[in-house]
Amino acid sequence: MTTERVEAYAAVLFEVAQAEGALAAVEEELFLLARAVDANDELRNAITDPSLPAARRMAVIEELFAGRGHQVSTALAAFVVGVGRGRDLSAIVDRFVEQAAAERLHEVAEVRSAIPLDADQLARLEAALSSATGKKIEAKVIIDPSVLGGLVARVGDTVIDGSVRTRIDQLKERI
């Protein structure tokens, strides 16, 4: 999909979520959905398979949310998948998240951690990343057991890797 189309779809998601007064909830839920799609081949295939009717692909999204998410999140994700843009869901959602953060004058950091972070840890992490990048940072945490410990943060094109996995790999190289 062209950058212009990704921008256009992201703008639609942003406008609808903001108009419905659910921007924060939709932003968080769609971010988590996009990461789930990125991590699961079976799910990605289910929402991108052109041989499946659009109604079935949309039903997959509705089943994923199953009343747990905000109805606007469900509707927007189903819309993107229903119009045949399932392959671009992650790119569209990433741009949508960037727009929502920019609205708050923040930049998004995607943080991978082996364990959930509490509010205090998240605040300290955001402050450290803000200090390191010179930007106001909003962290989106993804639980990733492969990290083992520590964190991996990505802010734009900058990756800060303080994970145990990387340190073990570095030790293996030295030995």
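R124 sits out in the open: with a relative accessible area of 51% it counts as exposed (over 50%; buried is under 20% and partly exposed lies in between, with a 1.4 Å probe and protein chains only). The model is a predicted one, so to speak of local features takes a pLDDT of at least 70 and side-chain atom pairs count only at pLDDT 80 or more, while totals for chains, interfaces and linings use all residues. Residues are numbered from 1 along each chain as its sequence is written, and side-chain values use heavy atoms, with hydrogens and water left out.

The side chain of R124 meets that of D120 in a salt bridge, at 3.4 Å from N to O (a side-chain nitrogen of Lys or Arg within 4 Å of a carboxyl oxygen of Asp or Glu). Both belong to helix α7 (residues 119-133), four residues apart, which puts about one helical turn between R124 and D120. D120 is partly exposed, at 47%. Helices here are DSSP runs of H or I with at least four residues, strands are runs of E with at least two, and both are numbered from the N terminus.

The structure holds 14 salt bridges. One of them pairs D94 with R35 at 2.9 Å, N to O; since D94 lies in helix α6 and R35 in helix α2, this pair ties together parts 59 residues apart in sequence. R35 is buried, at 9% relative accessible area, whereas D94 is partly exposed, at 24%. Both also belong to a network of salt bridges that links R35, D38, D94, E110, R112, D144 and R154. Another bridge joins R56 to E63, with the closest N and O atoms 3.0 Å apart.

D94 turns up again at the largest pocket, where D94, E98, V108, R154 and G156 lie nearest the centre among 13 lining residues. Helix α6 (89-103) gives the most to this lining, with five residues, and α2 (23-39) and β1 (107-113) also give two or more. By class the lining has seven charged, four nonpolar and two polar residues. The volume is about 220 Å³. A pocket is an open set of points on a 1 Å grid where a 1.4 Å probe fits, with protein on both sides within 12 Å along at least five of seven lines; lining residues have an atom within 4 Å of a point.

Elsewhere, V12, V16, F79 and V83 make a nonpolar surface patch of about 280 Å² (residues with over 30% relative accessible area and no salt bridge, nonpolar side chains being joined within 5 Å). V83 lies in the loop between α5 (71-82) and α6, and is partly exposed at 40%.

Methods
Points joined across faces, edges and corners; volume = space filled by probe spheres on them. Nonpolar A, V, L, I, M, F, W, Y, C, P; charged D, E, K, R; others polar. Patch = residues over 30% accessible without salt bridge, like charges linked within 9 Å, V, L, I, M, F, W, Y side chains within 5 Å. Areas by Shrake-Rupley, 256 points an atom, 1.4 Å probe, with all protein chains shown as cover.
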